Amino acid sequence: MPTPPPVLTGSRCGACDNVAFPPADGCQRCGQRAMSTVPLSTSGRVWGHTVQRFAPKSPPYVPPADGFVPFAVGYVELAEGVKVEAVLDCVDFDELTGAEVELVATTPVPRFATRGVGGGAR
Ligand SMILES: [Zn+2]
């Protein structure tokens with residue numbers, strides 16, 4: 001059985017359609033509590049990012065077996081209008097601004113990659 005593709009789950013407000021990630025018990029826009037869970041788009045556009053050039057505190061950060069390498073983190077804006085904080089895989093950090101990215105993993109944190117970049121395979 002093939003591994004199902006990764007998908008993030010958010011919540012949608014039944015009153016105003018506002019989508020939140022991570023899922024919320026109450027709507028951040030209108031305060032209603034009529035939230036239902038919804039699968040989110042698996043691709044989006046980089047809204048903003050920065051480059052983590054030193055190893056974060058460990059734990060919780062788990063460095064790769066072959067040592068820390070700088071990586072990009074940022075927000076990916078999905079079609080639902082929600083921005084997801086994620087690790088961003090790319091060939092060149094400069095290409096990330098406004099780039100279209102696809103979800104490649106959901107754990108331990110959401111991870112997106114520019115097209116043609118295999119997620120986490122570096
Ligand atoms: Zn609402």
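1. At 30% relative accessibility, Lys 83 counts as partly exposed (buried is under 20%, exposed over 50%, partly exposed in between; 1.4 Å probe, protein chains only). This is a predicted model, with local features needing pLDDT of at least 70 and side-chain atom pairs 80 or more, while totals for chains, interfaces and linings use all residues. Residues are numbered from 1 along each chain as its sequence is written, and side-chain values use heavy atoms, without hydrogens or water.

2. Lys 83 pairs with Glu 77 in a salt bridge at 3.8 Å, N to O (Lys or Arg side-chain nitrogen within 4 Å of an Asp or Glu carboxyl oxygen). Glu 77 is partly exposed too, at 32%. The structure has five such bridges.

3. Now to Arg 115, partly exposed at 47%. Its side chain meets Glu 100 in a salt bridge at 2.7 Å, N to O. That pair links distant parts of the chain, 15 residues apart: Glu 100 sits in strand 7 (100-105), Arg 115 in the segment after strand 8 (111-114). Strands here are DSSP E runs of at least two residues.

4. Arg 115 also bridges to Glu 102, with the closest N and O atoms 2.3 Å apart. Glu 102 lies in strand 7, 13 residues from Arg 115 in the chain. Shared partners join Arg 45, Glu 100, Glu 102 and Arg 115 into one network.

5. Cys 16 is partly exposed at 24%, whereas Cys 27 is buried at 7%.

Conventions:
Helix = DSSP H or I, 4+ residues; strand = E, 2+ residues; numbered from the N terminus.
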